[in-house]
Amino acid sequence: MKILRINMSEDAPVVRFEDLGEYEGLGGRALTSAIISREVDPLCHPLSADNKLVIACGLLGGTAAAMSGRSSVGCKSPLTGGIKEANAGGQPGQVLGRLGIAAIVLEGKPKGDDLYKIYISKDTVKIEKDNSLRMLPNYDLVEKMKKDYGEKIACISIGPAGEMKMAGASVAFTDMELRPTRHAGRGGVGAVMGSKGVKVIVLDDTGTTPRQPKNVEAFKEANKRFVLGLQKHPVTGQGLPAYGTNVLTNIINEVGAYPTYNFKEGRFAGARKISGEVEAELEKQRGGNPTHGCHRGCVIRCSGIYHDKDGHYLTKQPEYETVWALGGNCGVDDIDKIAMMDFLCDNYGLDTIEMGVTIGVLMEAGLLKWGDADGAINLLHEVGKGTPLGRIIGNGAAFAGKAFGVERVPVVKGQALPAYDPRAVQGIGVTYATSPMGADHTAGYSIALNVLKTGGFVDPLKPEGQVDLSRNLQIATAFIDSTGMCLFIAFALLDQPETNQALLDMINALYGWNMTEKDVVEYGKRVLKFERDFNLRAGFTKEHDRLPRFFYKEPIPPHNVVFQVKDEELDQLFNW
Amino acid sequence: MLRVFIFNPEQTLKMKVVVKLFGGLKSEKNFPIREDQHLTVELEEPLTVSELIDFLNLNKKPFIVVLNGVIVNNLSLKIKDGDEIALFPPIAGGDSLTKNIPTL
């Protein structure tokens with residue numbers, strides 16, 4: 001596996017392949033965070049030539065391992081000012097691995113404002129100026145790439161939001177149908193790609209084969225055990241395939257942790273109408289599909305295909321966090337309009353969580369009424385067009401909150417809080433506060449134990465035990481994010497030691513390693529250390545590891561609780 | 001003849017409970033369905049959570065039990081009049097109630 005470095009500073013961008021060298025043994029998030037931490041000046045402007053954009057497949061990328069299609073996108077974040085790893089499904093992760101590329105590193109910055117497309121196949125890396133792509137939304141862009149390069153490609157691209165270098169801009173990854181539906185959403189990674197002048201990276205794995213493990217038979221056998229483990233577990237074998245991630249709407253709402261009206265209440269009266277159960281039923285009725293993988297080799301198949309009232313494709317099945325952000329958080333209970341907003345965010349290249357929270361903040365400011373779905377849709381169009389209001393929204397909740405003088409802005413390190421209230425689920429509050437990524441539920445998904453009773457149970461309403469819980473999960477997640485595995489395997493891993501072992505056996509068979517569970521912990525800690533270290537050098541202090549104060553002062557109904565984990569306890573999270 | 005009426009709330013009080021079924025859970029009995037699609041269940045006698053689940057005669061065994069917004073692990077808790085109980089099948093969670101936080 002090689003690192004492909006592309007320096008965009010020169011008139012003709014310079015391409016060079018390098019051995020992994022000091023990065024040997026690292027993949028996915030470990031690789032992106034190591035490169036950013038070692039090579040990027042933490043004090044640089046995120047949109048400057050000194051920042052780098054790293055796109056990496058995981059340790060298992062390009063192999064026959066099930067679930068190994070995730071890609072990591074790393075940089076210094078224009079949203080948080082700290083290190084960022086945003087993670088996406090879709091096809092490109094597998095294709096990168098098959099091409100023998102562990103990571104693409106975009107460096108430097110073009111002098112002019114030309115746009116570039118990069119085509120990578122088995123034998124070539126071709127970089128061309130193509131200003132005809134300017135301001136193309138992601139769907140139109142991918143259609144154009146299909147015409148130019150055929151159907152056997154995978155694309156990594158930015159929409160207009162990325163070109164306009166908005167801090168809420170995502171990087172899109174195409175799915176199995178070659179649609180730009182999977183996004184490295186968080187932290188404005190799309191803006192950094194835009195600052196490098198790169199509109200799209202087209203990957204073509206024609207003539208390649210899956211990566212060969214050192215021990216072929218052991219790998220095959222471990223993969224089989226791994227798949228059986230996922231199929232056996234109720235979450236990965238039944239719940240996620242049947243209803244997708246949006247199965248969470250009813251559960252989180254019932255436990256009073258569903259942030260409603262910009263985190264004012266913990267329950268939404270319209271939750272049932274936008275739940276996974278209703279979404280799946282509509283998809284079946286309209287000829288969509290509620291059980292669909294986002295990349296080849298996925299056996300959980302939590303994604304889906306959402307059709308409009310006339311039975312035409314509208315978007316992929318909107319995820320729970322999207323439905324919450326643009327739905328319940330804004331008082332919107334119309335699933336078709338939420339699906340339309342999901343499509344618009346994918347098309348313009350925007351983080352759905354950041355956009356939903358920003359619109360909630362603007363509803364609080366009185367710019368539009370709670371529940372005004374059409375108003376919210378119009379605001380997303382403003383972002384896509386790049387009007388002055390659109391640019392305020394596209395830069396996220398913290399930026400828009402300042403512009404409109406709103407006090408209650410739910411962000412940590414400048415990044416919007418996702419779909420679980422930290423007062424009603426205190427463990428996730430610890431993760432939001434302390435993750436080097438800013439408020440990020442995936443960084444240490446305490447919901448698994450606080451609510452879903454996977455791997456045990458820790459009372460969500462009490463502060464006790466939450467720091468230990470979040471720490472353990474953040475360490476384990478940093479490792480999983482490095483393997484290229486979908487994070488949802490964690491449900492089975494937490495409950496079934498034999499599935500955990502199957503994953504380790506697969507990695508060991510691929511590389512000829514003897515990794516144990518103890519090594520997994522050390523690996524995860526190492527990744528977090530790269531990230532913490534970068535943030536410290538970028539000027540972050542323990543005061544940045546806090547929730548906004550209103551979470552400590554405003555009790556949230558129905559439980560009427562505030563966030564109770566003490567600051568001193570939060571400061572112990574990385575003390576291991 | 002003087003009849004003495006002894007009020008025993010445990011025997012005489014009819015209780016109404018709201019039951020919310022999610023994730024494909026269905027009751028085989030015909031309880032009245034409210035406008036919000038939830039069930040109104042009348043109980044002749046106080047039941048525990050576990051007894052209520054048996055009484056509902058569900059198509060699948062529920063796994064996550066939420067009583068008035070609080071996740072319940074003790075199924076021998078008594079249901080009170082006016083309680084709301086939400087039941088989810090094990091689609092959204094594992095089966096390891098007794099396990100502790102994973103030691104990594």
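Biologist: What covers the buried residues of α20(A)?

Modeller: In this predicted model, the cover includes α6 (216-232), α18 (466-483) and α19 (489-495) of chain A.

Biologist: Which residues of α20(A) are called buried, and why?

Modeller: They are T499(A), N500(A), A502(A), L503(A), M506(A), I507(A), N508(A), A509(A) and L510(A). The term applies because each has 20 or more other C-beta atoms within 10 Å of its own.

Biologist: How long is helix α20 of chain A against the span expected for its residues?

Modeller: Its 15 residues, 497-511, reach 21 Å from the first C-alpha to the last. At 1.5 Å a residue, 21 Å is expected, so the value is close to expectation. After the helix comes G512(A), with a positive phi near 75°.

Biologist: What makes β8 (125-129) and β11 (182-184) of chain A edge strands?

Modeller: The open sheet has six strands in the order β8-β7-β12-β9-β10-β11 (chain A), with mixed pairing. Each of β8(A) and β11(A) pairs on one side only.

Biologist: Why do β7(A) and β8(A) count as paired?

Modeller: Pairing requires at least two bridges, and β7 (residues 116-120) and β8 of chain A share five in the antiparallel sense; therefore they pair. Within this pair, Y116(A) stands opposite K129(A) in β8(A).

Biologist: Which strands does helix α3 of chain A touch as it packs on the sheet?

Modeller: Helix α3 (residues 138-149) touches β7, β9 (154-157), β10 (171-173) and β12 (198-203) of chain A. The direction of α3(A) makes about 140° with that of β9(A).

Key: Residues are numbered from 1 along each chain as its sequence is written. Chains are lettered from A and ligands numbered from 1 in the order in which they are written. This is a predicted model: local features need pLDDT of at least 70, side-chain atom pairs count only at pLDDT 80 or more; totals for chains, interfaces and linings use all residues. Helices (H or I, at least four residues) and strands (E, at least two) are DSSP runs, numbered from the N terminus. A residue is buried if 20 or more other C-beta atoms lie within 10 Å of its own, exposed if 12 or fewer, and partly exposed in between; C-beta atoms are placed from the backbone. Two residues are in contact if their C-beta atoms, placed from the backbone, lie within 7 Å. Axes are lines fitted to C-alpha atoms, for helices over the stretch in contact, and angles run from 0 to 180 degrees between N-to-C directions.
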